[in-house]
Amino acid sequence: MAMINGLRIIQGEVYNFFEFSGEFSLETGKQCIDAMVKACRQSQIFKALLDCRKMTGEIQIMESFMVAKYGVRMIGAISKFALVGREDQMFPDNFVENVAVNRGVNLKLFTDLEKAIDWLKD
C-alpha cells in the first residue's frame with residue numbers, strides 16, 4: 001500500500017483499488033490519473049477502481065471536463081475503470097462518464113462500491 005498526494009493504492013488480484021482523499025483540483029486530478037496508470041503498468045493489472053467518496057473541495061464542471069479529457073489521453077493502460085463517488089459529486093446525465101465513453105474509455109460511474117466491484121469482476 002502506498003500514499004501519493006492523498007491517493008491510497010492497494011494492488012488486488014483482479015483490479016487495483018485507488019482511494020483519493022485529497023482536495024479536488026485540475027492538478028490533483030491529473031496527478032491521480034498519472035499515479036493510477038503507473039500503478040496499473042507496474043502491477044500488470046489493467047482494471048482500476050477509483051473511490052472518490054472522501055475527496056474534498058468543490059468540483060467545477062469545467063475542471064472535471066478537463067480532467068476527464070486528460071484521462072482519456074493518458075488512461076490507455078487501464079482497460080476497465082470504475083469511479084465511485086458520492087451523489088453530491090455526480091454531474092447530471094453522467095457527464096464525466098459520457099465524456100470518457102464517447103472518447104473510447106471503458107469507464108462507469110457508481111455511488112455504490114459493491115456495484116462497482118461487481119462490474120469490474122465481469
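A salt bridge is a side-chain nitrogen of Lys or Arg within 4 Å of a carboxyl oxygen of Asp or Glu. The views below come from a predicted model.

**View 1. Glu19 and Lys54 meet in a salt bridge.** The N to O distance between their side chains is 3.4 Å. This pair links distant parts of the chain, 35 residues apart. Glu19 sits in strand E3, while Lys54 sits in the loop between strand E4 (47-51) and H2. Lys54 is exposed, at 52% relative accessibility. Glu19 is buried, at 11%.

**View 2. Arg8 also pairs with Glu19.** Here the closest N and O atoms are 3.0 Å apart. Arg8 is partly exposed, with a relative accessible area of 25%. Arg8, Glu19 and Lys54 are linked in a network of salt bridges.

**View 3. Arg53 and Asp51 form a salt bridge.** Their side chains meet at 2.7 Å, N to O. Asp51 is buried, with a relative accessible area of 2%. Arg53 is partly exposed, at 33%. The count for the model comes to four salt bridges.

View 4. A disulfide is a covalent bond between the sulfur atoms of two cysteines. To count as one, the sulfur atoms must lie within 2.5 Å. Seen from Cys52, the closest cysteine sulfur is in Cys32. Cys32 is buried, at 7% relative accessibility. Cys52 is buried too, with a relative accessible area of 7%. A search of the whole structure finds zero disulfides.

**View 5. Ile61, Met62 and Met66 make a nonpolar surface patch.** The patch covers about 280 Å². Met66 lies in helix H2, which spans residues 61-74. Met66 is partly exposed, at 37% relative accessibility.

**View 6. Asp112, Glu114, Asp118 and Asp122 form a negative surface patch.** Among them, Asp118 has its place in helix H4 (residues 113-121). Asp118 is partly exposed, with a relative accessible area of 48%.

**View 7. Ile117 lies in helix H4.** Ile117 is buried, with a relative accessible area of 12%. Ile117 and Val37 are 80 residues apart in sequence. In space, they are 19 Å apart, C-alpha to C-alpha.

Key. Residues numbered from 1 in each chain as written. Predicted model: local features only at pLDDT ≥ 70, side-chain atom pairs only at ≥ 80, totals over all residues. Heavy atoms only, no water. Buried < 20%, exposed > 50% of the residue type's maximum accessible area, 1.4 Å probe, protein only. Patch = residues over 30% accessible without salt bridge, like charges linked within 9 Å, V, L, I, M, F, W, Y side chains within 5 Å. Areas by Shrake-Rupley, 256 points an atom, 1.4 Å probe, with all protein chains shown as cover. Lys, Arg positive; Asp, Glu negative; His and termini not counted. Charge placed at Lys NZ, Arg CZ, Asp CG, Glu CD. Helix = DSSP H or I, 4+ residues; strand = E, 2+ residues; numbered from the N terminus.
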